[in-house]
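Keep the structure open as you read.

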Amino acid sequence: MEEKKFFIRGLGHQRTLRGEVFISGAKNAVLKIMAASLLFEDDLHIENIPKVEDVERMKELLIDLGAEIRQTGERSIKINTAGVKKTELHTEISQKMRASIVLSGAMLGRFGQVHFPHPGGCVIGERPISMFLNAYRGMGTEIERDEEGIYHLKAPEGLKAKATFLNKQSVGVTETLIMASILAKGRSVIKNAALEPEVVDVAGFLQKCGAKISGLGTTTITIEGGKPLKSGGKVYKVMPDRLEAGSFLVLGALASNDLLIKNCQPEHLEALTSILRFSGLRMEAGKDYIKVLNNEGAEFKPLEIKTHEYPGFPTDLQAPMAVFMTQVKGESSIFETIFENRFGYTEDLNKMGARIRLWHPQKISIEGPSRLKGGTLHGPDLRAGLAFIIAAILAQGDSVIENAYYVDRGYEAIEKKLQKIGVSIERAK
Ligand code: EPU
């Protein structure tokens, strides 16, 4: 893979960025609807697809299985999975992306078997798959793992509907079990289900295409399964990416007096907007936009954040928020409750001049404000990669952000969006 880097010239803590940012479609919704294409008898038409690397990996996985994917526009595709016969997920591609596991539910429901390696993705904790496997066992699946580490799942009599209680409110398990249950005969119930907007949006579209699902957006979801779905020409338009919008809001809060974040859904970002307002940020939110107002000379209040399942504070925004906290007067803290190892980025921020103390792997405190200076940063995951970009933009001097691939996994043409609002950023090999 081509090793790419970003070069950023920092603003030296000046609030000079201004203009508009248009938010792309949500990575964590599009990957799941693409996996759901295996539930459809006819073409699945998807629009507003973000041009990000993970979408390319999901396309490759589906094509390798035998799916036909036609590009119908710059950001739209049609997927037809009628020709899929293979039940083995491509090993190397699956190992690049956690979302590959979401395919297992639809595959198991449709073919009664599926074979896959332990899924990859960002290194932010253990990322076990035991909850998927336990739920499948409950639905009548036999599971083996061979010497190469490949899981072999077989449901000789087909998947049986079942009530499953999730011991954690997992996004991926909820989505995958919804898909498996659509093809399992009978009534399945998922208790302690995830409430994330992407889960509700994707499953809501499946509902429109014939899936009998009730309770979406609550912790108890019921599915009457047994039949494949038909889109009948309905189009799934990918919802705006709340994490991209949230990251731009943090950037605007620190480096702009006039930034309009367009095509977002502020109702999905209340955990962030309410805490930023509490801290003292002047902003305005409408139905589909957020505007950062003049905050010249603002002194923000310190904050205490605990990451939580939706509608709590999203784990995917804690790294950008840590950068915000470096600019606040006093001591702030973050308690990460979703992943075991998501503070890998703090060391590099400290090298830039931040004062972050790691109390234990899931708790940090941040003493601010700090003047940041440019440096060479190596993002441990895609969300931390964007946090580094924000820190580099604020800092005095030049920075290099290595392994840009991580950022490209989840953010479309980030340097173009940033250049448009006044950031000096270039990409190079
Ligand atoms: N978990 C288990 N066992 C399992 C599955 C999950 O213990 O079998 C645990 C996880 O280790 C974690 C917790 O459950 O501690 C919750 O994780 P969840 O399953 O909800 O996460 P996910 O589905 O793997 C999605 C997003 C993540 C986001 C989390 C939490 C996608 C592709 N990924 O992951 O996004 O952080 O939900 O909201 O939807 C990202 O986009 O950068 C990213 C990491």
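A quick definition to start: on a 1 Å grid over the protein atoms alone, a pocket is an open set of points with protein on both sides within 12 Å along at least five of seven lines. A molecule sits in a pocket if more than half of its atoms lie within 2 Å of its grid points. Here, the ligand takes up the largest pocket.

Before going on, bear in mind that this is a predicted model, where local features need pLDDT of at least 70, side-chain atom pairs count only at pLDDT 80 or more, and totals for chains, interfaces and linings use all residues. Numbering runs from 1 along each chain as its sequence is written, and side-chain values use heavy atoms, with hydrogens and water left out.

So who surrounds the ligand? There are 23 residues around it, and Lys32, Ser170, Val171, Ile338 and Arg383 come nearest (near means a heavy atom within 4 Å). The shell holds ten nonpolar, five polar and eight charged residues, with Asp, Glu, Lys and Arg counted as charged, Ala, Val, Leu, Ile, Met, Phe, Trp, Tyr, Cys and Pro as nonpolar, and the others, Gly among them, as polar. Domain 1 (5-24 + 240-428) and domain 2 (27-237) both contribute to this shell, so the ligand lies between them; the bounds come from an automatic or database domain assignment.

Now for the backbone. Ligand oxygen atoms lie 2.7 Å from a polar backbone atom of valine 171, 2.8 Å from a backbone N or O atom of glycine 172 and 2.5 Å from one of isoleucine 338. The protein covers 92% of the 830 Å² of accessible area that the ligand has on its own (Shrake-Rupley method, 1.4 Å probe).

Most peptide bonds are trans, and most residues other than glycine have a negative phi. Tyrosine 310 and proline 311, however, are joined by a cis bond with omega about 5°. Another cis bond runs from glycine 368 to proline 369, with omega near 0°. Asparagine 403, not a glycine, has a positive phi of about 35°.

Key: Polar contact = N/O pair within 3.5 Å; in protein donor to acceptor, adjacent residues only side chain to side chain. 1 Å grid on protein atoms, 1.4 Å probe; cavity = no way out; pocket = protein on both sides within 12 Å on 5 of 7 lines; lining within 4 Å.
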